[in-house]
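Please open the structure in the viewer and keep the selection panel at hand.

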Amino acid sequence: MFIDPHTHMISRTTDDYQAMANAGVVALIEPSFWIGQPRTYVGTYIDYLSSIVGFERFRAGQFGIRHYCTIGLNSKEANNEELAEKVMEILPRFALKEGVVAIGEIGYDEQTALEDRYFRGQIELAKELGLPIMVHTPHRDKKRGTQRSMDVLEEHGVAPSMVVIDHNNEETVNEVLDRGYWAAFSIYPGTKMGNERMSEIVRAYGAERIIVDSACDWGISEPLAVPKTAALMRERGHPEEHIRKVTYANALAAYGQSGQMKESDWLEPAAIDQRTLYAGNSILRGGQEPRIETPGRDMSDLTIK
Amino acid sequence: MARPAALLWEWLCRQVDPAARDWLTETATAAKGSDAALFKGVSLVHRRIGKADLSVGPEDRAAAEAARPGWDQTGWSTDQAARIWLLLEAGGIGEAFAVRLKTLFSSADVAETIAFLRGLPLFPGPERHLFLAREGARSNMRPVFEAVAHRSPYPREMFDENAWNHMVLKALFVGAALWPIQGLDERANPELARILRDYAHERWAAGRPVTPELWRCVGRFADEEALGDLERLMQEGDEREREGAALALADCPLPRAQALLAAAPELQAAVSRGDLTWTGLGRTL
């Protein structure tokens with residue numbers, strides 16, 4: 001069983017859901033983010049948030065995958081003040097929905113004053129609602145941006161155990177773990193982190209508080225990043241307990257602090273969910289061996305029924 | 001005679017602990033005067049109440065039928081009951097209620113959407129919620145569609161012919177059964193019969209099957225062409241298709257229909273004995 005705690009499924013196809021289910025992904029978390037280009041109206045924001053607590057949850061359930069999400073105003077769109085003010089007003093309407101496991105992904109992009117203002121505002125919202133926080137660390141000036149994110153969190157008195165710092169790399173991991181945070185790594189081809197490097201990081205730092213995710217989105221990314229990393233780590237001789245922690249148990253422990261994500265959600269789902277929203281996972285039913293195959297299409301089968 | 005809200009309260013009290021009950025009453029009081037308190041309270045229901053299946057016995061069902069004819073709680077859960085109760089208790093009436101319901105819909109998660117749609121036959125000012133009901137009946141999420149279409153008197157009472165016909169057709173497209181739709185026979189009409197026959201021919205042309213339930217809305221209005229379809233099913237169909245065709249022929253007043261049915265005496269007898277019914281057939285599919 002795997003959990004992928006960072007996926008933007010709203011941008012992914014049913015092939016991806018099928019491949020993830022086949023590979024043993026039982027739950028995933030869809031953080032609120034931008035959608036590749038900035039939104040310009042609060043109305044489109046409401047519809048986006050409504051999709052990730054609505055249709056996307058239904059879609060995932062059809063493949064036997066439990067869908068959770070985080071609610072937040074992302075750092076890029078925080079720079080549109082007029083939009084940001086209105087989004088901050090509507091966030092509380094979504095933050096307490098079923099299956100919302102954190103406020104996120106929030107943090108810095110270019111480390112502007114507006115980003116800072118709304119990062120702090122949302123930290124306060126998370127504290128008020130007792131929710132964990134998922135922090136997006138910036139692509140540019142990452143090390144400084146990561147430190148600054150932690151400084152601000154501590155200034156607001158947030159316990160590091162309630163915060164997942166995401167998109168880490170070799171340069172940030174040491175300090176993030178030292179300061180007591182959960183350290184997540186996005187296995188994203190070409191940019192954030194590769195899984196061979198990931199395997200070395202776990203070898204160096206152990207498996208405590210380390211979380212692997214795919215961050216798959218609208219770019220060239222890998223929805224099977226978590227199961228593939230597990231398989232690679234196994235091949236390279238990591239103990240099973242370490243693999244389980246970084247690809248399943250740590251994410252569950254961190255986001256489970258919301259009270260909104262429990263192992264029983266997929267092992268013993270409520271009857272009403274089984275009737276409506278969750279098809280059940282065929283792997284959990286003993287239906288098939290997990291298998292990792294490249295999703296996608298080819299021309300070998302010409303028949304379309 | 002008890003109001004639906006009073007019945008929901010009675011049923012909830014049997015299943016939730018006293019702390020959750022107190023939370024509900026306090027939330028309802030706060031929500032009467034505050035949109036924010038209502039929205040927050042409705043969202044929090046799943047944490048405070050949980051989502052067990054709602055236990056409703058035969059006496060409860062009888063009381064419910066007396067309070068609101070057609071109200072059917074089959075498949076309801078405690079979180080749905082509590083959300084509907086909060087709206088009935090604290091949502092207000094008239095336009096104020098409609099505006100609050102619409103706002104709730106715009107930020108609803110999928111479980112809330114289902115609860116609100118199931119509440120439609122109980123809510124004040126039913127004519128004000130037609131847009132939401134029709135949006136639900138256009139949904140591609142089957143459980144959302146079924147929350148409007150199944151086991152509810154709302155569409156039967158409120159939908160005009162076009163809305164009704166498209167709801168029945170949509171059921172076939174999302175794979176929802178027809179038999180749990182209330183008023184299927186009463187709201188049958190020649191236009192729906194035509195739409196469904198066109199749909200069947202479209203499916204057959206593509207080499208795909210159609211549900212035998214479909215003929216339920218065709219039988220009474222069957223013309224010669226439709227009887228041709230039914231005749232073919234009686235001859236070439238599988239067991240369920242033949243049963244559906246037989247039931248449709250039994251509904252059709254034309255002499256040719258009765259002759260076609262008489263050619264299959266076992267099915268004819270099963271229909272007249274009441275052993276073969278639309279609901280019974282639907283349940284086996």
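Select helices α3(B) and α5(B), residues 35-49 and 78-90 of chain B. In this predicted model, their axes lie 9 Å apart and the helices pack at an angle of about 155°. Since angles over 145 degrees count as roughly antiparallel, α3(B) and α5(B) are therefore roughly antiparallel to each other. Their crossing is right-handed. To display the contact, show B:L38, B:G41, B:V42, B:V45, B:H46 and B:I49 on α3(B). On the α5(B) side, the contact is made by B:T78, B:D79, B:A82, B:R83, B:L86 and B:A90.

Next, select residues 224-236 of chain B, which form helix α13. This helix has 13 residues, and the distance from its first C-alpha to its last is 18 Å, close to the 18 Å expected at 1.5 Å a residue. Which residues of α13(B) are buried? They are B:A226, B:L227, B:L230, B:L233 and B:M234. Turn the view to look down the axis of α13(B): the buried residues fall within an arc of 115°, so they line one face of the helix. As a general point, an α-helix has 3.6 residues a turn, so residues three or four places apart point the same way.

Chain B contains 17 helices and zero strands. Its C-alpha trace spans about 65 × 35 × 30 Å along its principal axes. Of the 285 residues in chain B, 42% are buried. Among the contacts in chain B with a separation of 6 or more, 74% are between residues 24 or more positions apart.

Finally, display chain A together with chain B. How many residues of chain A are in contact with chain B? The contact involves 19 residues of chain A and 19 residues of chain B. On the side of chain A that touches chain B, α2 (42-53), α3 (55-62), α4 (81-95) and α12 (271-276) of chain A each supply at least two residues.

Technical notes. Residues are numbered from 1 along each chain as its sequence is written. Chains are lettered from A and ligands numbered from 1 in the order in which they are written. This is a predicted model: local features need pLDDT of at least 70, side-chain atom pairs count only at pLDDT 80 or more; totals for chains, interfaces and linings use all residues. Helices (H or I, at least four residues) and strands (E, at least two) are DSSP runs, numbered from the N terminus. The expected span of a helix is 1.5 Å times one less than its number of residues. A residue is buried if 20 or more other C-beta atoms lie within 10 Å of its own, exposed if 12 or fewer, and partly exposed in between; C-beta atoms are placed from the backbone. The arc is that of the directions from the helix axis to the C-beta atoms. Axes are lines fitted to C-alpha atoms, for helices over the stretch in contact, and angles run from 0 to 180 degrees between N-to-C directions. Angles under 35 degrees count as roughly parallel, over 145 as roughly antiparallel, 65 to 115 as roughly perpendicular and the rest as oblique. A crossing is left-handed if the near helix is turned anticlockwise from the far one by less than a right angle, and right-handed if clockwise. Two residues are in contact if their C-beta atoms, placed from the backbone, lie within 7 Å.
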